[in-house]
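Q: I have a structure open and would like to go through it piece by piece. Can we start with the pockets?

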Amino acid sequence: MTANYILKELCRYNIGTFADVIYRNALLYPDQEAFIYKSQRITYSEFNARVNSLIHALQAMGAKKGDVIGILSYNCLEYADVYGAAWKGGFIASPFNFRLQANELDYLINYSEANTLFVGPELVDIVNSLKPRLTKVKNLISLEGSAPDMIRHDDLLASYPKKEPDVQVEEDDPLAIVYTSGTTGVPRGSLYSHRSSMDDAKNLVIEMGLQPGEKHIQINPLFHIGGLHHFRAFLFIAGSNVIMPQRSFDPAATLQTIQDEKATDISIVPTHLVAMLA
């Protein structure tokens with residue numbers, strides 16, 4: 001890209017949206033590592049391309065701007081792809097707690113009105129058991145490998161173009177539905193806009209003095225606002241999110257990853273800290 005076009009390119013998406021953040025990071029920090037997961041190391045340029053392919057795939061499957069796309073999975077690299085596609089493609093991400101029982105998931109997935117559901121390998125069986133009741137879900141997409149009667153996430157990335165999508169999001173467009181916890185009865189969905197989520201990210205960046213290139217260990221689940229809070233902030237500053245593949249917390253592996261990656265940030269709860277100190 002020549003200097004003559006850089007300002008034009010930087011203005012492609014509305015400032016104040018995560019569509020702009022994802023695209024700008026790809027332009028300004030193309031070789032900076034955005035996500036690290038197991039042996040995979042994805043740069044911001046690669047992340048933008050993955051997001052674009054997924055947006056085109058979702059559009060081809062009938063998803064439109066403002067539609068809800070659900071995620072039921074443990075943390076993984078593909079989780080970041082889905083969030084990125086939702087935020088840049090004008091969809092609304094609806095992440096579900098993988099610890100919920102079948103009847104609770106049945107309620108929340110239908111409550112969200114998601115027409116597409118991304119499913120991690122450990123949750124395939126429970127989704128298949130619920131399929132007759134999920135009448136609004138038209139597309140089932142498997143993460144981290146193949147699953148019967150589901151479209152494979154990696155196949156979508158390989159099959160659809162990486163060009164920029166013809167879609168524009170606004171600051172007040174909805175970005176995600178995040179569900180409450182610790183209340184009586186069923187969880188309640190809280191709708192976040194690009195504006196409120198961007199303010200949330202900026203506040204954490206200012207409070208912690210975060211700088212581009214810093215590295216965060218992602219342990220807290222991405223369905224929870226706590227895990228999502230740091231995830232978005234490090235995306236905002238063009239930092240790196242090291243996504244831990246743990247299905248249960250491994251303090252030794254976490255400490256080793258902090259050392260190996262020279263991480264600068266980790267968000268943990270007291271039980272994590274106790275295990276690490278032990």
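Q: By class, what residues does the lining of the largest pocket have?
A: The lining of the largest pocket has six nonpolar, nine polar and two charged residues. Ala, Val, Leu, Ile, Met, Phe, Trp, Tyr, Cys and Pro count as nonpolar, Asp, Glu, Lys and Arg as charged, and the others, Gly among them, as polar. This is a predicted model: local features need pLDDT of at least 70, side-chain atom pairs count only at pLDDT 80 or more, and totals for chains, interfaces and linings use all residues. Residues are numbered from 1 along each chain as its sequence is written, and side-chain values use heavy atoms, with hydrogens and water left out.

Q: What volume does the largest pocket have, and which residues are the closest to its centre?
A: Its volume is about 340 Å³. Of the 17 lining residues, Arg99, Ile219, Asn220, Pro221 and His272 are the closest to the centre. A pocket is an open set of points on a 1 Å grid over the protein atoms alone where a 1.4 Å probe fits, with protein on both sides within 12 Å along at least five of seven lines; lining residues have an atom within 4 Å of a point. Grid points are joined across faces, edges and corners, and the volume is the space filled by probe spheres set on the points.

Q: And the second largest pocket, which residues lie nearest its centre?
A: Asp20, Val21, Arg24, Asn25 and Phe236, out of 15 lining residues. That pocket has a volume of about 210 Å³.

Q: Which helix gives the largest share of that lining?
A: H2, with five residues. Helix H2 (18-28) and helix H8 (194-208) each supply at least two. Helices (H or I, at least four residues) and strands (E, at least two) are DSSP runs, numbered from the N terminus.

Q: New topic: what is the strand order in the open sheet of five strands?
A: The order is S2-S1-S11-S10-S12, with mixed pairing. Strand S2 (40-43) and strand S12 (265-266) are the edges, each pairing on one side only. Two strands pair if DSSP finds at least two bridges between them.

Q: How many bridges join S1 to S11, and how many join S10 to S11?
A: Three bridges join S1 to S11, which run parallel. S10 and S11 also run parallel, joined by four bridges. In S11, Asn241 stands opposite Phe35 and opposite His216.

Q: Which way do the residues of S11 point?
A: Ser240 and Val242 point one way, Asn241 and Ile243 the other, and all are buried. Buried means under 20% relative accessible area, exposed over 50%, partly exposed in between (1.4 Å probe, protein chains only). In a regular strand the side chains alternate between the two faces of the sheet.

Q: Where is Tyr44, and is it buried or exposed?
A: Tyr44 is found in helix H3 (residues 44-60). Tyr44 counts as buried because its relative accessible area is 1%. Beyond its neighbours within four places in sequence, its contacts (heavy atoms within 4.5 Å) include Asn25, Tyr29, Phe234 and Gly239.

Q: Last one: what about the phi of Asp149?
A: Asp149 has a positive phi of about 60° although it is not a glycine. Its place is in the loop between strand S6 (139-142) and strand S7 (151-152). At 70% relative accessibility, Asp149 counts as exposed.
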